[in-house]
Amino acid sequence: MSHDPIRAIAYEIYEINERILTGDIFSNAMGMNLARNKIREAIRAFKSDEIKSIAVQPYCAAGGWIGIMYSYRDKDNMVVEGSFIPRRIDR
């Protein structure tokens, strides 16, 4: 089973959150259209036999970030669901 579609989407949202962190994008609300477009492109690119259905939705998360909720079903009908905020964490 491949998690490549979610990994690719997480990378795209991580990049948007980096731009929010640096001030290139003013807020998560302003970055939502960009996030939706990136998600749509990534889903289109990863239509395959391994993944029967995939749903990904961005959301405005606490702290000014963009998070993603996802759900997909693989060829064995196993459902994978989750939600996270792809961002850098400074220690």
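Is Asn77 buried or exposed? In this model, Asn77 is exposed, with a relative accessible area of 52%, where exposed stands for over 50% relative accessible area, buried for under 20%, and partly exposed for what lies in between (1.4 Å probe, protein chains only). The structure is a predicted model, in which local features need pLDDT of at least 70 and side-chain atom pairs count only at pLDDT 80 or more, while totals for chains, interfaces and linings use all residues. Residues are numbered from 1 along each chain as its sequence is written, and side-chain values use heavy atoms, with hydrogens and water left out.

Helices (H or I, at least four residues) and strands (E, at least two) are DSSP runs, numbered from the N terminus. The C-alpha atoms of the chain fill a box of roughly 40 × 25 × 15 Å, taken along the principal axes. For 91 residues, a compact globule would have a radius of gyration near 12 Å, and the 14 Å of the chain agrees with this; the radius is taken over C-alpha atoms, and the globule rule is 2.2 Å times the number of residues to the power 0.38. Of the 91 residues in the chain, 34% are buried. Among contacts with a separation of 6 or more, 47% come from residues 24 or more positions apart, a contact being heavy atoms within 4.5 Å.

The helices come next. Two packed helices are described by the angle between their axes and the distance between the axes. Helix H1 (residues 4-22) packs with helix H2 (residues 28-45) at an angle of about 160 degrees, and their axes are 9 Å apart. That angle makes H1 roughly antiparallel to H2. Here the axes are lines fitted to C-alpha atoms, for helices over the stretch in contact, and angles run from 0 to 180 degrees between N-to-C directions. Angles over 145 degrees count as roughly antiparallel, under 35 as roughly parallel, 65 to 115 as roughly perpendicular, and the rest as oblique.

Val56 is found in strand E1 (residues 51-60) and is buried, with a relative accessible area of 12%. Leaving out residues up to four places away in sequence, Val56 touches Ile6, Ile9, Ile39, Ile43, Ile68, Met69 and Tyr70. By C-alpha atoms, Val56 is separated by 23 Å from Leu21, which is 35 residues away along the chain.

Ser53 also lies in strand E1, and Ser53 is partly exposed at 34% relative accessible area. Beyond its neighbours within four places in sequence, Ser53 is in contact with Ser71, Tyr72 and Arg73. Ser53 and Arg73 are 20 residues apart in sequence, and 5.3 Å separates their C-alpha atoms. Arg73 belongs to strand E2 and counts as partly exposed, at 34% relative accessibility. With residues up to four places away set aside, Arg73 touches Glu50, Ile51, Lys52, Ser53, Met78 and Val79.

The loop between strand E2 (66-74) and strand E3 (79-84) holds Asn77. Asn77 has a positive phi of about 65 degrees although it is not a glycine. In strand E3 itself sits Ser83, partly exposed with a relative accessible area of 44%. Residues up to four places away aside, Ser83 touches Tyr59, Ile68, Met69 and Tyr70.
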